[in-house]
Amino acid sequence: MPTKNAITTILAVASISNKDKNQDSCAVVQNEEASLTAMIVADGIGSHFAAEQGSHVVTESAASTLAELGKGSPVDLEDVFRKAHTHLKKHVDDHAEEIPADVDWANAFGTTLLCAVETRRHLLL
């Protein structure tokens, strides 16, 4: 029997690729304290160097930001994306020496990030 604070959700996530290496990353976060469930999907841009790293970095950042929200904390998706962007910029800086000379650093670790957050009253996209 579900508890009073149990979260029920309609969100699910999966990723599959026809490529040798799946450059996408995804996660589901259930934060009972903040009464939310989140679906996070990052699509590694295949034409970019190390896109799988970029997608992993932003997924992990978004997941940890949402998992750390406490009771009564508002869900601020702009903050989630801002933190993910900051983590990705740091990752690019930390791994700049790995980028081949013929690759523009601005086209390295390319990814997109999508988040859907379900609370008791809202579905935020």
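Okay, let's start with F109: it's buried, with a relative accessible area of 1%. Keep in mind throughout that what you're looking at is a predicted model.

So what does F109 pair with? Its ring goes with the ring of F49: the centres are 5.8 Å apart and the planes sit at 80°, so this is an edge-to-face pair. To call it that, the planes have to be over 60 degrees apart. The count for the structure is 1 aromatic pair. Now look at where the two residues sit. F49 is in the loop between β2 (36-44) and α1 (51-67), while F109 is in the loop between α2 (77-94) and β3 (111-119), so the pair ties together parts that are 60 residues apart in sequence.

Quite a list of α1 residues is buried, including A51, G54, V57, V58 and L66. What do the buried residues of α1 pack against? The answer is β1 (25-31), β2, α2 and β3.

One residue I'd like to pick out there is S55, which is in helix α1. Is S55 buried or exposed? Buried, with a relative accessible area of 0%. And its side chain has a polar atom 2.7 Å from the backbone oxygen of Q23. If you leave out residues up to four places away in sequence, S55 touches Q23, D24, S25, A42, D43, G44 and T111.

We've got 4 strands in an open sheet, ordered β1-β2-β3-β4, with antiparallel pairing. Which strands are at the edges? Those are β1 and β4 (123-124), and each of them pairs on one side only. As a reminder, strands of a sheet pair through backbone hydrogen bonds, either parallel or antiparallel.

Take β2 and β3: they run antiparallel and are joined by 9 bridges.

E118 then takes us across to the next strand, where its bridge partner in β4 is L123. β3 and β4 pair over 2 bridges, in the antiparallel sense. How many residues lie between β3 and β4 in their hairpin? There are 3.

Last topic: charges. Side chains of opposite charge can pair when their charged atoms come close. Searching the whole structure turns up 3 salt bridges.

Let me begin with D79. It forms a salt bridge with R82, where the closest N and O atoms are 3.9 Å apart. That one gets in under a 4 Å cut-off, so if you're picky about cut-offs, this is the value to look at. D79 also forms a salt bridge with K83, and here the closest N and O atoms are 3.2 Å apart.

Why does that spacing work? An α-helix has 3.6 residues a turn, so residues three or four places apart point the same way. In our case, D79 and R82 both lie in helix α2, 3 residues apart, about one turn of the helix. D79 and K83 are 4 residues apart in α2, again about one helical turn. As for accessibility, D79 is partly exposed at 21%, R82 is partly exposed at 45%, and K83 is partly exposed at 36%.

Further along there's D94 with K90, whose side chains meet in a salt bridge at 2.7 Å, N to O. These two also both lie in helix α2, 4 residues apart, about one turn. D94 counts as partly exposed at 40% relative accessibility, and K90 is partly exposed too, at 49%. Going by shared partners, the salt bridges join D79, R82 and K83 into one network.

And that's my tour. Happy to take questions!

Key: Residues are numbered from 1 along each chain as its sequence is written. This is a predicted model: local features need pLDDT of at least 70, side-chain atom pairs count only at pLDDT 80 or more; totals for chains, interfaces and linings use all residues. Side-chain values use heavy atoms; hydrogens and water are left out. Rings of Phe, Tyr and Trp (its six-membered ring) pair if their centres lie within 6.5 Å; planes under 30 degrees apart count as stacked, over 60 as edge-to-face and the rest as tilted. Buried means under 20% relative accessible area, exposed over 50%, partly exposed in between (1.4 Å probe, protein chains only). A polar contact is a pair of N or O atoms within 3.5 Å; within protein, one must be able to donate a hydrogen and the other to accept it, and residues adjacent in sequence count only if both atoms are side-chain atoms. Contact means heavy atoms within 4.5 Å. Two strands pair if DSSP finds at least two bridges between them.
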